[in-house]
Amino acid sequence: MNDNKTQETKRCSRCGRILPIDNFRFWRKPYYRSECRDCEAIYNKEYEARKKEKNDDFRDNIEMLFQRKYKEIHPARILNLKETGLDIELMGEDEIFVRLMDCSNTWLSNYGRLIRQSYGKYNMLHGNGSADGQAYTVRKPVYKDGEWIKTERTIYAAKTVIETFIVNPDIVNNKRVWHRGNDINDNYYKNLYPLTIEQYTVVLDHYERTGDDSEEYILKVMNDIRFKKKDWSRKSYNPTVCGVGYYPPEIFSMFDKVYILTYMFDASILKYYFDLYKIDYDVKSIERTGDRYALVDYFVPDTSVYRDKVNVYNGNLNDNLNTKVNGLSATWFKSSINKSKIAMLKNNLYNYFQNIMKAKSNTIMWTSFKESKSKLKGKGYSNCHVACNCRSTNEYADRYNLAYCVNIYLHPAVSQFFIQRGIEVDQDMYALSEMIQWIWRSRIRNGESINIYVPSKRMRGLLLDWLAVNSEEYRKVG
């Protein structure tokens with residue numbers, strides 16, 4: 001039978017040769033490919049070459065949304081080398097060592113070198129080589145269970161240089177770093193480019209074929225929509241800190257006067273932002289006289305007038321959780337050791353709405369962190385969830401049975417951003433302002449009474465304190 005198969009032949013549709021059937025790739029029974037294996041290999045090689053050449057062709061009208069930008073380094077972060085006692089030969093006239101915001105007593109240079117201070121002594125760290133380039137072991141403060149602890153972490157010179165000195169247009173997707181000349185040991189910030197995996201592959205292939213990795217070419221790759229993620233959008237190019245958009249400080253100098261209407265300004269990120277960039281401002285209050293409103297000198301409003309309209313639950317559902325001060329924080333919900341307490345909180349919610357308040361669903365409004373919503377939702381109130389950062393809506397102005405199941409803290413990266421620049425951050429005031437904003441989505445905004453269950457001891461105390469401001473019985477509630 002094998003002899004019969006050897007004698008079977010077929011003509012190649014590409015080269016025209018008559019060859020044994022084994023020289024053709026089997027497709028599906030009883031068919032074989034029309035091209036012989038040799039011609040198929042030649043075609044595939046030519047196809048790949050054409051595909052690579054196509055990547056070098058850019059449209060003349062590419063919208064250059066991203067241009068190369070470097071971060072402005074605050075002078076207070078730059079290490080005075082004379083005070084270190086180290087005999088350091090600079091790698092370039094522009095080399096500076098900048099304090100890392102998320103590492104203890106550690107300074108990184110724009111050439112990728114690292115200095116650390118331990119027990120009052122400065123040392124130049126040598127690090128270790130790795131597949132991702134130069135790596136260092138550093139001590140980072142980590143926020144866990146309501147407190148900061150120091151733990152050892154590995155950081156990579158190139159990636160950390162980019163984080164410190166370069167504006168990265170797509171932090172989420174830019175997982176690779178291109179070193180000019182494909183020299184993984186070159187960590188000079190002007191020779192590093194944050195790229196997506198696909199962009200990196202295109203640049204590498206072009207460099208290996210042509211020896212060209214000019215900034216002009218790399219920027220075209222970064223801006224060409226062919227090499228962006230499928231979920232790419234213009235919005236991804238808006239500057240953010242922890243997902244929060246911000247304006248460059250120069251924008252406020254473009255106007256003679258700017259009026260910002262807000263509440264609890266002293267607790268806002270905007271206030272810290274103004275203090276950081278030394279933007280002058282005056283805080284005013286609005287006072288109604290007759291049918292007119294006017295700006296007046298700032299005064300603390302008498303919030304005790306809401307005490308009779310905000311009925312804060314006080315009962316066993318506050319005590320059975322028995323959590324610490326950080327209970328119900330975002331970190332608390334993520335910890336597996338709190339699984340039973342989360343289940344109890346879910347039961348408390350059901351008990352509060354269905355048995356204590358006997359509330360109908362169209363009167364309910366409750367909140368939790370987005371990630372923990374599924375762990376707490378239950379019969380009769382699941383569809384009544386309102387995001388804890390909800391703003392500027394009257395959609396829930398008829399709701400009056402509330403539950404506030406979060407313990408708010410400013411994101412650690414944001415708070416440290418300001419603290420390490422000498423700006424004092426008030427976590428309690430920030431938490432209170434967030435909670436008041438949420439509560440005021442309900443019918444209290446119309447002067448009508450509401451009921452609210454606040455299982456977090458810290459948040460409940462902040463609310464009760466706020467309701468007592470300017471009253472004679474003002475006191476701290478634990």
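Phe274 is buried in this predicted model, with a relative accessible area of 6%; buried means under 20% relative accessible area, exposed over 50%, and partly exposed in between (1.4 Å probe, protein chains only). Phe265 also counts as buried, at 14% relative accessibility. The model is a prediction, in which local features need pLDDT of at least 70 and side-chain atom pairs count only at pLDDT 80 or more, whereas totals for chains, interfaces and linings use all residues. Residues are numbered from 1 along each chain as its sequence is written, and side-chain values use heavy atoms, with hydrogens and water left out.

**Aromatic rings**

- The whole structure contains 27 aromatic pairs, a pair being two rings of Phe, Tyr or Trp (its six-membered ring) with centres within 6.5 Å; planes under 30 degrees apart count as stacked, over 60 as edge-to-face and the rest as tilted.
- Tyr188 and Tyr189 make an edge-to-face pair, with 5.2 Å from centre to centre and 90 degrees between the planes.
- Tyr188 is buried at 16% relative accessible area, and Tyr189 is buried at 13%.
- The rings of Phe265 and Phe274 form a tilted pair, because their centres are 6.3 Å apart and their planes stand at 45 degrees.
- One aromatic cluster is formed by Tyr313, Tyr352, Phe353, Trp366, Tyr381 and Tyr453.

**Charges over rings**

- The charged end of Arg68 sits over the ring of Tyr193, 4.0 Å from the ring centre; the criterion is that NZ of Lys or CZ of Arg is within 6 Å of the ring centre and within 35 degrees of the ring normal.
- Arg458 lies over the face of Tyr409, also with 4.0 Å to the ring centre.

**Salt bridges**

- There are 15 salt bridges in the structure, each defined as a side-chain nitrogen of Lys or Arg within 4 Å of a carboxyl oxygen of Asp or Glu.
- Glu40 and Arg33 form a salt bridge in which the closest N and O atoms are 4.0 Å apart.
- Glu40 is buried at 10% relative accessible area, whereas Arg33 is partly exposed at 32%.
- Arg25, Arg33 and Glu40 are linked in a network of salt bridges.
- Lys220 and Glu216 meet in a salt bridge of 3.9 Å, N to O.
- Both Lys220 and Glu216 belong to helix α5 (residues 215–223), where they are 4 residues apart, about one turn of the helix; helices (H or I, at least four residues) and strands (E, at least two) are DSSP runs, numbered from the N terminus.
- Arg391 and Glu434 are joined by a salt bridge of 2.6 Å, N to O.
- Arg391 is in the loop between α10 (373–376) and β19 (401–404) and Glu434 is in helix α12 (residues 427–439), so this pair ties together parts that are 43 residues apart in sequence.
- Glu434 is buried at 13% relative accessible area, while Arg391 is partly exposed at 34% relative accessibility.

**One side of a helix**

- In helix α11 (residues 412–419), the buried residues are Val414, Ser415 and Phe418.
- These residues are on the same side of α11, because they cover an arc of only 95 degrees around the axis; the arc is that of the directions from the helix axis to the C-beta atoms.
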